[in-house]
Amino acid sequence: MQIIAMQNICKSFPGTKAVDHVNFSLGEGEIISLLGENGAGKTTLMNILYGIHQPDEGEIYFRGERVQIKRPTDAIDLGICMVHQHFMLAPAFSILDNIIVGYEPKRGVFVDQRKALKDVQSLIDRFGFQLDPCTKVSELSVGEQQRVEILKALYRNAKVLILDEPTAVLAPKEVDDLLNMLQSLRAGGTSIVIITHKLKETMTIADRIVVLRSGKLICDDVRPANTNESELARLMIGREINMDTRRPSQCAGDVALCVRNLSLTENGICKLRNINFSIRKGEILGVAGVEGNGQTQLLESLTGLTQADAGEITLNDKRISGDAFSFIQNGFAHVPEDRTTMGLMLNLPLTDNAILGHHTQSFVARKGLLRRQEITAFTNHCIEKFQVKTPNCSVLARALSGGNQQKLIMARALMVESEVLVVAQPVRGIDVSATEYIHDQIFNYRDKGKSVLLVSADLDEVYQMSDRLVVLYNGEITLECKPSDYTKEEIGCYMLGVRKQCPSRNEEDGTAAVQQ
Amino acid sequence: MRALNKFKISVLSLLAALVIVAIVIWISGYSPIDIYARIFKGAFGSKMSIALIFSEATPLMFSGLAFAIAFKARIINVGVESQMIMGALVGAIAGAYIHGLPHMVHATLTLLLAGMSGMLLGFFICFLKVRFHAQEVVICIMMNSILLYVGSYLANGPLKAAGAGVAQTETIMETAKLTKLIPKSQLTTGFLIGAAIAIALAFILERTVLGYKIRVAGNNRIAGETYGIQATKLYYITFMLSGFIAAIGGSVLTQGVIMRFSDGAVAGYGFRGISVAALAMYNPLGVIFSSSLFGILNAGSQAVNRTTTIPYEFVDVIQVMVVVFISAPQIIQAVEKFFGDRLKKALPKRLTAAKPDQELPGA
């Protein structure tokens with residue numbers, strides 16, 4: 001029996017048809033993986049189901065009955081709950097407060113705190129979430145916050161759970177925990193839709209796979225047993241895509257960037273402890289680790305946004321210190337973790353965004369005056385070389401899709417040929433073909449003899465891209481190796497602090513004594 | 001927002017404000033069409049009234065520019081009133097007590113001294129904001145009161161003109177007065193100075209690195225700082241520039257219209273500049289037009305006041321309503337959608353085809 005049936009759904013936004021006559025159905029106790037590139041329409045389709053958008057045409061049926069879902073409250077009343085990629089939690093409040101918000105059990109005019117606590121605790125126990133309802137959300141890890149979001153849905157008696165890119169920020173073990181939890185939810189009768197790019201998880205957990213491309217339904221009856229990752233990628237993009245894109249460096253040269261004994265304490269907590277590593281010319285050093293283990297502090301120290309308390313950074317034997325401006329002048333290009341808050345001015349045109357960080361370069365300005373023609377030419381060059389999809393260079397940055405915004409930021413960083421590229425989460429929330437392209441550009445850049453520091457919460461990415469990698473746990477480097485030395489599961493253990501590499505190791509051939 | 005979009009919101013906000021005030025007029029028992037017609041006739045009726053349009057526009061243009069340039073850096077300088085008072089005061093002092101200078105030198109020097117006083121005031125407010133993380137809006141509101149009372153005290157006491165019956169300072173010297181553009185009117189070269197400043201600001205914002213940095217800091221401070229653009233320095237520069245311009249505006253009032261500083265002289269020109277800036281969507285060149293527009297309303301409403309019992313303050317209501325609508329463009333967009341949808345259904349399809357450069361939501 002189908003719990004959800006969406007028939008002939010159409011939705012247009014100015015200039016584009018986001019969803020084009022799509023039929024979608026979900027059975028009871030079924031897990032569906034909704035695949036597609038950014039712009040394919042999968043998030044829009046689910047937003048229609050959740051009441052955020054209204055379809056131009058088409059009907060939605062819930063358990064066979066036609067329903068109108070005009071706002072998320074209507075969807076939640078039916079039992080349809082959505083967990084978004086960007087969590088909607090109040091960090092200052094406790095888990096309990098975040099879960100019951102809007103649906104508080106009442107005793108007269110007061111909130112019945114005891115009943116709320118009892119209900120939430122029983123949910124936690126029933127599904128084995130291992131959370132203390134009185135903890136503040138700000139103290140939780142990303143994986144735990146996600147569990148709170150799922151708890152919110154369960155508290156509202158979700159019969160249908162929609163998850164938008166749930167594994168984007170989880171470590172391998174946390175991904176396993178999540179998938180196990182989803183399986184036990186399915187056993188309890190919940191139907192689940194996972195919007196994702198992750199082909200591997202799709203193959204692991206989905207009962208059925210639905211693929212959208214350019215707003216149209218490509219197929220909706222593929223089962224993992226009958227397909228593989230390459231085939232799914234082909235369905236999503238419409239052409240062959242190279243899945244195994246390891247490209248080890250052919251020509252690593254001398255040591256370029258050297259970081260020694262870097263330490264940093266914030267608010268009394270030690271965030272970085274004796275960080276030591278070096279990167280050669282023509283080499284990519286990956287930094288793996290679950291978010292919150294010092295990556296942000298490491299990135300800020302290496303781009304001048306924060307001053308480390310101790311230690312030194314040298315580039316080609318020249319000591320580098322100072323503010324962001326100083327680092328940029330000294331040859332550091334930065335692609336920040338969060339492109340919208342740290343990388344772009346959304347309400348300014350692409351030309352203004354393209355020269356961010358380059359305002360002292362001679363091609364941008366002379367004697368304090370902007371060189372408009374050169375700036376336009378540079379922007380167009382970036383757009384062309386990095387295949388940024390946009391009608392022209394003067395649209396606002398806001399008008400670009402996430403993937404194209406990221407491509408612009410990468411173009412801006414790579415086009416000026418700095419010595420070092422510090423890049424964080426380069427393909428977060430980006431679709432498969434843009435990901436392929438961005439990774440390709442990073443490899444090209446490295447092959448010109450540049451040094452790249454790649455920080456990513458996605459172990460697959462670090463594993464695939466790095467010539468060497470380190471694992472950051474609790475502010476320390478707990479592993480330094482080549483990707484081929486360990487399996488991903490083993491590296492996952494280091495990421496979670498289960499293992500730690502002993503500091504005594506043979507420098508010459510890089511073997512490590514592993515301490516369990 | 002794209003330029004055309006901004007213009008559309010600007011025009012619709014003004015229309016919406018006019019409609020609301022029309023309703024108020026109608027409730028008061030008058031015909032809105034009659035009243036608006038009188039405003040128009042009153043404003044354009046004679047050469048002197050046209051001069052009045054632009055002389056009314058002049059102080060509004062200065063305070064509008066001051067507010068607009070600050071807003072480009074996301075600074076809300078509601079202290080333009082205080083900076084104008086400061087400028088008017090210093091202008092009156094420099095104009096009255098500096099002797100022996102030829103006209104051009106004296107007038108220019110007075111303007112510059114006034115400007116610098118406003119600049120110092122702007123610096124001080126910014127210092128409090130940066131050093132103590134204070135909200136500039138709160139500081140500015142306090143400053144407005146402080147300057148109002150300081151000005152009042154000086155005009156009533158130490159600087160009071162000998163033998164004057166009301167609170168006012170000595171008349172400024174002839175050499176400090178601004179040249180009139182139209183004889184016997186209040187329109188002076190001040191208007192041209194304001195227009196020149198507007199053009200200079202537009203140039204700085206769009207064509208210079210400084211203007212670029214101001215726009216970056218105003219649009220996304222964090223992104224700017226990630227790439228080496230320090231917001232704090234820009235706040236100082238912008239606040240000082242804003243204070244400078246507002247103070248010159250105050251001095252233009254002194255040197256062009258009142259010829260002295262009198263208690264309550266600036267009287268709201270600072271605040272109304274906020275409306276002017278809002279209507280222009282904070283674009284310096286647009287301020288020239290929006291201040292002229294309000295000049296028309298002000299000049300015309302004075303005519304209405306002579307012939308009816310409607311107080312000319314209702315023009316203030318129009319100006320305030322404009323600020324409300326500009327600040328909440330969603331109201332205008334909702335109204336536009338409401339009427340637009342109905343229009344679309346009535347018009348043939350090809351006239352309402354989607355435009356390719358409109359914004360797309362994130363997928």
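The model is predicted, so local features are given where pLDDT is at least 70 and side-chain atom pairs count only at pLDDT 80 or more, whereas totals for chains, interfaces and linings use all residues. Residues are numbered from 1 along each chain as its sequence is written, with chains lettered from A and ligands numbered from 1 in the order in which they are written.

**Helix pairs in chain B**

Two packed helices are described by the angle between their axes and the distance between the axes. Axes here are lines fitted to C-alpha atoms, for helices over the stretch in contact, and angles run from 0 to 180 degrees between N-to-C directions. Helices (H or I, at least four residues) and strands (E, at least two) are DSSP runs, numbered from the N terminus.

| Helix pair | Axis distance | Crossing angle |
|---|---|---|
| α3(B) (residues 47-72) and α7(B) (residues 190-207) | within 9 Å | roughly 20° |
| α11(B) (residues 269-279) and α12(B) (residues 284-307) | 8 Å | about 125° |
| α5(B) (residues 103-132) and α10(B) | within 6 Å | roughly 140° |

Angles under 35 degrees count as roughly parallel, over 145 as roughly antiparallel, 65 to 115 as roughly perpendicular and the rest as oblique. α3(B) and α7(B) are therefore roughly parallel to each other, whereas α11(B) and α12(B) are oblique, and α5(B) and α10(B) are oblique as well. A crossing is left-handed if the near helix is turned anticlockwise from the far one by less than a right angle, and right-handed if clockwise.

The crossing of α3(B) with α7(B) is left-handed. Its contact includes F54(B), M61(B), F62(B) and L65(B) from α3(B), together with F191(B), I197(B) and L201(B) among the residues from α7(B), where two residues are in contact if their C-beta atoms, placed from the backbone, lie within 7 Å. By class, this contact of α3(B) with α7(B) holds 11 nonpolar, three polar and one charged residues; Ala, Val, Leu, Ile, Met, Phe, Trp, Tyr, Cys and Pro count as nonpolar, Asp, Glu, Lys and Arg as charged, and the others, Gly among them, as polar.

α11(B) and α12(B) cross in a right-handed sense. R272(B), V276(B), A277(B) and L279(B) of α11(B) meet V287(B), S290(B), S291(B) and F294(B) of α12(B), a contact that divides into five nonpolar, two polar and one charged residues.

The crossing of α5(B) and α10(B) is right-handed, and the contact of α5(B) with α10(B) has 17 nonpolar, 11 polar and one charged residues. Helix α10(B), residues 231-258, has 28 residues and reaches 39 Å from its first C-alpha to its last, close to the 40 Å expected at 1.5 Å a residue. Of the 28 residues of α10(B), 22 are buried, so the helix is largely enclosed by the rest of the structure; a residue is buried if 20 or more other C-beta atoms lie within 10 Å of its own, exposed if 12 or fewer, and partly exposed in between, with C-beta atoms placed from the backbone. M259(B), which follows α10(B), has a positive phi near 65°.

Most residues other than glycine have a negative phi. N157(A), in the loop between α5 (142-155) and β9 (160-164) of chain A, has a positive phi near 55° and counts as partly exposed, with 13 C-beta neighbours inside 10 Å. Q425(A) likewise has a positive phi, of about 45°; Q425(A) lies in the loop between β21 (420-424) and α15 (432-447) of chain A and is buried, with 24 other C-beta atoms within 10 Å.

How values were computed:
Expected span 1.5 Å × (residues − 1).
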